[in-house]
Amino acid sequence: MTVITTNELRLGGKAAMSRVLADLEAYLARQGHVGVYGPLLDECWSQGRGLVVGFTGPPGVGKSTLTGKLLKLWREDGLKVAVVAVDPSSRHSGGALLGDRMRMRTDPDDAHSFVRSLAARDHLGGLSEFAIYALVLLRACFDRVLVETVGVGQSETEVADFVDSVVFLAQPGSGDALQYMKAGIMEVPHICAVTKSDMGMVAERTLSDLKGSLSLAISQDDWPMSLHLVSASTGKGMEDLKQAIDQHGQHVQQQQKHRDDMARNMVKGKLLAAFGREGFAQVAHRLDQRLNNPFQMLDQLTMELRQCLSSHQVS
Ligand SMILES: Nc1nc2c(ncn2[C@@H]2O[C@H](COP(=O)(O)OP(=O)(O)OP(=O)(O)O)[C@@H](O)[C@H]2O)c(=O)[nH]1
Ligand SMILES: [Mg+2]
């Protein structure tokens, strides 16, 4: 089986991307590991310079509307933009509803914008198993990859592990963000925005509540959190928000450690999910070095642990 090269993927546009995502998903379902796709994923991983931005916040806060607007703004700057919606309701709708809704807002003739909805599957609210691979391929071909996820609690950490910047969106009139951060459930996002500023006072009050409590909040990668008041409907504040995301992106992409941590977390997370703590402990030391080819490493360790398991079962 021959797999497309990174270059072919870049040159092949949206059609090539759709095809490889579908093929990879089918392959993973069949084989249960990245196998022949390892070299492509590793090449995309090492060459991928696109900024992956996670948008998170409660249902209905305005994530889809806002990512749609940002897509437009970055396209006007001449950047290539992909939007991935991780759809928690897809267990019922198969993801089709959201996919259709999103597609309607994008121009099918624009070769440099790509919108795709992915099922959240078993990871409620977080990134699906497959979404992580999809992000790796997308970031090699697009300058901005926007990821929409619902979710609080555990899944926040998961999102934070695989994106460069985390943007938390707060609903006017709600103190959600504040409560989660205070309770330590949610890590401090890099950027926080109160949506729907066209609602007036209620949005402004929410902003000042957040401001008062979070003025000294520093995110994990030493970034002072910025707070924004935006309206995707009127466009107010959107340009500032876009620039704040770009600035954080520049900051984070200069850090090799950030990329190394991402690779390690990805391999660790997948091995833990497949083999549990005991299984992972057997190979944990292999992740001490820098992972230049994390996907082929993941595959190799998966094979070794599977073999180990089956020989135990035989004896
Ligand atoms: N007034 C106002 N309404 C908005 C704005 N942005 C989004 N909305 C409305 O808020 C509702 C939810 O917007 P979505 O963008 O679907 O929110 P979401 O966070 O993606 O929702 P889920 O994906 O279901 O979690 C819709 O009815 C939007 O029209 C805004 O800037 N101003
Ligand atoms: Mg949405």
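**Entry 1: ligand 1**

I began at ligand 1 and found a backbone N or O atom of G60 3.1 Å from one of the ligand's oxygen atoms. Taken alone, ligand 1 exposes 640 Å², and the protein buries 66% of that; accessible areas here come from the Shrake-Rupley method with a 1.4 Å probe, and for residues only the protein chains shown count as cover.

Before going on, I noted that this is a predicted model, where local features need pLDDT of at least 70, side-chain atom pairs count only at pLDDT 80 or more, and totals for chains, interfaces and linings use all residues. Residues are numbered from 1 along each chain as its sequence is written, chains are lettered from A and ligands numbered from 1 in the order in which they are written, and side-chain values use heavy atoms, with hydrogens and water left out.

A polar side-chain atom of K196 sits 3.0 Å from an oxygen atom of the ligand, and a polar side-chain atom of S233 is 3.0 Å from a nitrogen atom of ligand 1.

Which residues come nearest to ligand 1? I found K63, S64, T65, D198 and S233, out of 14 residues around ligand 1 (a residue is near if one of its heavy atoms lies within 4 Å). I sorted the shell into four nonpolar, six polar and four charged residues. Helix α4, residues 63-76, gives the most to this shell, with three residues (helices are DSSP runs of H or I, at least four residues, and strands are runs of E, at least two, numbered from the N terminus).

**Entry 2: T67, in helix α4**

T67 also lies in helix α4, and I read its relative accessibility as 0%, so T67 counts as buried. Leaving aside neighbours within four places in sequence, T67 is in contact with F55, V83, L146 and E148 (contact means heavy atoms within 4.5 Å). T67 and V147 are 80 residues apart in sequence, yet 8.4 Å apart in space, C-alpha to C-alpha.

**Entry 3: back to K196**

I found K196 in the loop between β6 (191-194) and α10 (201-214), partly exposed at 26% relative accessible area. K196 has a positive phi of about 55° although it is not a glycine. Most residues other than glycine have a negative phi.

L51 is in strand β1, residues 51-56, and is buried at 3%. The residues in contact with L51 include D143, V145, I245 and V252.

Lastly, I stepped back: the protein has 13 helices and seven strands, and 50% of its 315 residues are buried.

Key. Buried means under 20% relative accessible area, exposed over 50%, partly exposed in between (1.4 Å probe, protein chains only). A polar contact is a pair of N or O atoms within 3.5 Å; within protein, one must be able to donate a hydrogen and the other to accept it, and residues adjacent in sequence count only if both atoms are side-chain atoms. Ala, Val, Leu, Ile, Met, Phe, Trp, Tyr, Cys and Pro count as nonpolar, Asp, Glu, Lys and Arg as charged, and the others, Gly among them, as polar.
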